[in-house]
Amino acid sequence: MPTGGTNATAATAGIAGTAGIAGTAGEAVRVPWIVGVSGASGTPYAASVLRGLLAAQLPVDLVLSRAARLTLLDETGIGWRDAAWLDPLSIWLGRRADGTRRRDADEVRARIERLVEVHPPADLGARPSSGSYPTRGMIVVPASTASLAGVALGLSKDLLQRAADVTLKEGRRLVVVPREMPYTRATLRHMLDLDAAGAVVAAASPGFYAGARDVDDLADFVAGRVLDAAGVSNDLFRRWTGTLGEARSAAAGSQPDPT
Ligand SMILES: Cc1cc2nc3c(=O)[nH]c(=O)nc-3n(C[C@H](O)[C@H](O)[C@H](O)COP(=O)(O)O)c2cc1C
C-alpha cells in the first residue's frame, strides 16, 4: 500500500512528480488515485477496483467516459449522471454482479461520501488535466481499445485520456486494463507503446487457480491483481500458496458437492 492514507501530504506520500508539495502548516493535502472507466465491457472490474481503493482509505478522482455510461447501463441497469453521481455510484458499488445487494453496501457508501470526487469527461479544465495536481497515479479499468489507443498516441480527446497522458508525463504509475478479444495488430502495438512509456498493461484476464465460485470472485481476482500492479495492498483474492488444489478445496468446503 502506498505510504500514507487520506491525510498524507503529496510530499510525505512520496508521490512521483509531487516533491515539495504540502499544505500550509499541518494542513492535509488530498492525493487521490485517478480511476478512468471507459466504454469496454467489464463494469464489475471497475467496481471491485474502486471498492479496493476505498477499503484502503485512499481518495479517488473518478472519470466515466461517455461510452462507459452505455456499458454501465447495459451491464447493471444503472443510469449515470455526473451532476448527481452519489446514488448511482453507491448502488453500483453496493451490488454484486448478479444485482443483489452486498452486505457492506452501507459501509461502501460512507467511504464513497468521504473519499470520492467525480469529474465529467468533457471537463478538460478539471484538476486531473494538469500535472501540477498531485495524484498517486491512475488506473484505467476497463480500458476500451479506443481509450487504450488514445492514451498510447497521446490524443487527450477527453479528461480520461488527458489525465492518463499527464500521469505518464509526470512519471506516475499508470495501470491500463484492456478488455477485448481478439486483439487487432493496432491494439497490440498500442499495448507495446504503453509498456515502453512506463505504463503497466494488465489485461482483464481472470485466473482460475484462486478458487473462484462466482462472477464476483473472478472480478475480484482481476481487480486484486490490478491493485497489486498499482502498489495498493488488498485482500480481494486468495493468493497462490504453492499447494495444488488448495483453493479449490477451500471453495468446495464452503459449498455442497453436487456429485
Ligand atoms: C455494450 C457495449 C460493450 C462494449 N464492449 C467493448 C469492449 O469490451 N472492449 C472495447 O474495446 N470496446 C467495447 N465497446 C465499444 C466502446 O464503447 C467504443 O469503442 C467507444 O468508442 C469507447 O469509447 P471510450 O474509450 O471513450 O470509452 C462496447 C460498447 C458497448 C455499447
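Helices (H or I, at least four residues) and strands (E, at least two) are taken here as DSSP runs, numbered from the N terminus. The model is a predicted one, in which local features need pLDDT of at least 70 and side-chain atom pairs count only at pLDDT 80 or more, while totals for chains, interfaces and linings use all residues. Residues are numbered from 1 along each chain as its sequence is written.

The protein chain contains nine helices and six strands. A residue is termed buried if 20 or more other C-beta atoms lie within 10 Å of its own, exposed if 12 or fewer do, and partly exposed in between, with C-beta atoms placed from the backbone. Of the 259 residues in the protein chain, 43% are buried. Contact between two residues requires that their C-beta atoms, placed from the backbone, lie within 7 Å. Among contacts between residues at least 6 apart in sequence, 71% join residues at least 24 apart.

The six strands form an open sheet with parallel pairing, in the order β3-β2-β1-β4-β5-β6. Two strands are considered paired if DSSP finds at least two bridges between them. The parallel strands β2 and β3 are joined by three bridges, and Glu117 in β3 is the bridge partner of Asp61.

Helix α6 (residues 159-169) is largely enclosed by the rest of the structure, because nine of its eleven residues are buried. The buried residues are Leu159, Leu160, Gln161, Arg162, Ala163, Ala164, Asp165, Val166 and Thr167. They pack against the strands β1 (33-37), β2 (60-64), β4 (137-143) and β5 (173-178), and also against helix α5 (145-153). Just after α6, Gly171 adopts a positive phi of about 70°.

Helix α8 (215-230) has 16 residues, which at 1.5 Å a residue should span 22 Å; the C-alpha atoms at its ends are 23 Å apart, in agreement with this value. The expected span is 1.5 Å times one less than the number of residues in the helix. Buried positions in α8 are Leu218, Ala219, Asp220, Phe221, Val222, Ala223, Gly224, Arg225, Val226, Leu227 and Ala230. The elements covering these residues include α1 (43-55), β4 and β5. Gly231, which follows α8, has a positive phi, near 85°.

Annotated positions were taken from UniProt, whose positions are given in the numbering used here with shortened feature names, and whose annotations may be inferred rather than shown by experiment. In an unreviewed entry, UniProt assigns "binding site" to Tyr209 and Arg225. These two positions are spread over 17 residues of sequence but cluster in space, with a largest C-alpha distance of 13.1 Å. Tyr209 lies in the loop between β6 and α8 and is partly exposed, having 15 other C-beta atoms within 10 Å. Residues up to four places away in sequence aside, Tyr209 touches Trp240 and Ala247. Arg225 belongs to helix α8 and counts as buried, with 22 C-beta neighbours inside 10 Å.

For "binding site", UniProt (unreviewed entry) also lists Gly39, Ala40, Ser41, Ser65, Ser144, Thr145, Ala146, Ser147 and Arg179. Ser65 is located in the loop between β2 and α2 (66-76), and its 25 other C-beta atoms within 10 Å make it buried. Beyond its neighbours within four places in sequence, Ser65 is in contact with Val37, Ser38, Gly39, Pro121, Ser147, Asp158 and Leu160. Arg179 occupies the loop between β5 and α7 (185-196). With 20 C-beta neighbours inside 10 Å, Arg179 is likewise counted as buried. Its contacts, not counting residues up to four places away in sequence, are Ala40, Ser41, Gly42, Pro142, Ala143 and Ala204.

A residue is assigned to the surroundings of a molecule if its C-beta atom, placed from the backbone, lies within 6 Å of that molecule. Of the 16 residues around the ligand, Gly39, Ala40, Ser65, Ala67 and Ser147 come nearest. Helices α2 and α5 each supply at least two residues of this shell, and α2 provides its largest share, five residues. By residue class, the shell comprises five nonpolar, eight polar and three charged residues. In this classification Ala, Val, Leu, Ile, Met, Phe, Trp, Tyr, Cys and Pro are nonpolar, Asp, Glu, Lys and Arg are charged, and the others, Gly among them, are polar.
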